[in-house]
Structures are given as C-alpha cells and as structure tokens.
Amino acid sequence: MQRVRAKKALGQHFLKDLDVAQRIADSLVLQDKTRVLEVGPGMGVLTQFLLQNPCVELTAIELDKESVDYLTVNFPQLHLIWGDFLRLDLNVLYPEGDFCVIGNYPYNISSQIFFKVLDYKDRIPCCSGMIQKEVAERLAARPGNKSYGILSVLMQTWYDIEYLFTVDEYVFNPPPKVKSAVVRFTRNKRRRLECDERLFRQVVKTAFNQRRKQMRNSLMPLLGKGNNLLETDIFKRRPEQLTVEEFITLTNLIEKNLCQS
C-alpha cells in the first residue's frame, strides 16, 4: 500500500527514525496492562513499538482518513478510532480508571491537546510525546525564565514535567522548519487546588497577556482601577517571576478582595 501523503493543513510531519520512535514509546511510565491512547498515529511508526509492549493496551485516534486506511491495512490488530482527539469525550472511551496519553503531536494543536489532558488530570497519570522544541521548553521552564508562561504554570500545577531529549529536523518526512523535543508529564501529588480553580486560570492567563508589565497593570481589569490591593508587593512583580504556589496565593488575595467589594 502507498505511503500516506503528509498534509500541511493537519500539521503532519512523519517520523522516520525508528530509534527515536522506540525512545518515545519507552518514555511512558507504565504499570502492568496500562491503557494507552495514542494521538495521531499517522503511519504507525510509534504505534508498532507500543503494540509490541506487553504492558500496553493500545487505542489510537486519527483524524486523517488516508492514515486510517493505511493503519487499518498495516495494523489490523490496532483498536483505531477515526476522529478528532480534541472533540473526543474521554469519559465515554474510558468510563472508569486511569489511562495514559502519547503521540507525535501535531505542532499546530499541541497546546490544545495538553489543555485537554488537564481536563482529565485525575485520570491521566502520565502523558508523553513529541512536540515543537519551543513549546517543550515553555512547558518545562521554571520561574524567571523567559519561556515561562501560561502553559508552564497551568501544567506544572498538576504535573511534574521533564524535557527528555531534542530531535533534529532530518528524521521527519517532510522535515519541519523547527527542532522537536520529547517531554513527559507525570502527575504530581496535588489533588486539589487551595483556591478557586476557575479564577486561578483566569488570573494566570490575564497576568501573562501583558507579561512585560507589572501585575498591578495587567490585573487591573479584574480588580478595578484604584483598588488598594494593586499596591501590595506581589502585584509589583511580573508574572514570570511567580511560582505556582505564589499564583495560588495571588488568586486567594483577589478572590477575598472581590468578595469584600
């Protein structure tokens, strides 16, 4: 059967290096008979190694019909879903219990994929895969780093993030214009947020929307101009200087102030 044509609209760059594919497959932290969902298997370069692992119970979801046809012929044993991961109700696919997520993720939607993982954080103990190097650096960045931002804070709130290794352009067909990297998220010990979670997300996103400004300027729309809380020390800092714990403290300060208004 003919190979699948890479489609720019779907952000497809097919990995052709089997050693890299094996390393990605090995990046998941697995228990015996772990349910694993592979996102965007393409032509199955990663899939083949996951299927060989006796600890993996694999399901794959693929949006591209040409890839689905290829996978159906070449991996008849694969439980394959033709559909869009971002629209998939994971509670229907996995009504109960934990599952892991892996993939060579389309670069144009990788952040959306990880935000969806966050929605199921209490059921996804491990998520790994390959993404654009710049996004990987952002995910793993620590406070004070110029790459530290919204994605860093929201993911690190719930996961320990490891930048595992860099992948060069030439191992893909067609080669992307950027380097790639493999990352791993492992669920941390936090089981609840010590603040309002919805407000926490709003505070983080609003603060980083004007990341070069002190937060007394960027968060003014939340509290109102002239609010005395904006003159406290934490609001005189820039968002990239704050740890997750400090964002939790900041959220509680804002919530208390809003309740008193």
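**Close-up views of a predicted protein model**

View 1. At the start of helix 1, a side-chain oxygen of Asp17 comes to within 2.9 Å of the backbone nitrogen of Asp19. This is a predicted model, in which local features need pLDDT of at least 70 and side-chain atom pairs count only at pLDDT 80 or more, whereas totals for chains, interfaces and linings use all residues. Residues are numbered from 1 along each chain as its sequence is written, and side-chain values use heavy atoms, with hydrogens and water left out. Helix 1 (residues 18–25) has Val20, Ala21, Ile24 and Ala25 as its buried residues; buried means under 20% relative accessible area, exposed over 50%, and partly exposed in between (1.4 Å probe, protein chains only). These residues cover an arc of only 140° around the axis, and therefore lie on the same side of helix 1; the arc is that of the directions from the helix axis to the C-beta atoms. An α-helix has 3.6 residues a turn, so residues three or four places apart point the same way. The cover over the buried residues of helix 1 includes strand 1 (14–15), helix 2 (47–52), strand 5 (100–104), strand 6 (126–132), strand 7 (159–167) and strand 9 (180–187). Helices (H or I, at least four residues) and strands (E, at least two) are DSSP runs, numbered from the N terminus.

**View 2. The surroundings of Thr157.** Thr157 is located in the loop between helix 7 (150–156) and strand 7. With a relative accessible area of 0%, Thr157 is buried. Apart from its neighbours within four places in sequence, Thr157 is in contact with Asn188, Arg190, Leu193, Phe200 and Val244; contact means heavy atoms within 4.5 Å.

**View 3. Lys121 and its partners.** The loop between helix 5 (110–119) and strand 6 holds Lys121. Lys121 counts as buried, at 11% relative accessibility. Its contacts, neighbours within four places in sequence left aside, are Trp158, Tyr159, Arg187 and Glu197. Lys121 and Trp158 are 37 residues apart along the chain, and their C-alpha atoms are separated by 7.3 Å. A polar contact (3.3 Å) joins the side chains of Lys121 and Glu197. A polar contact is a pair of N or O atoms within 3.5 Å; within protein, one must be able to donate a hydrogen and the other to accept it, and residues adjacent in sequence count only if both atoms are side-chain atoms.
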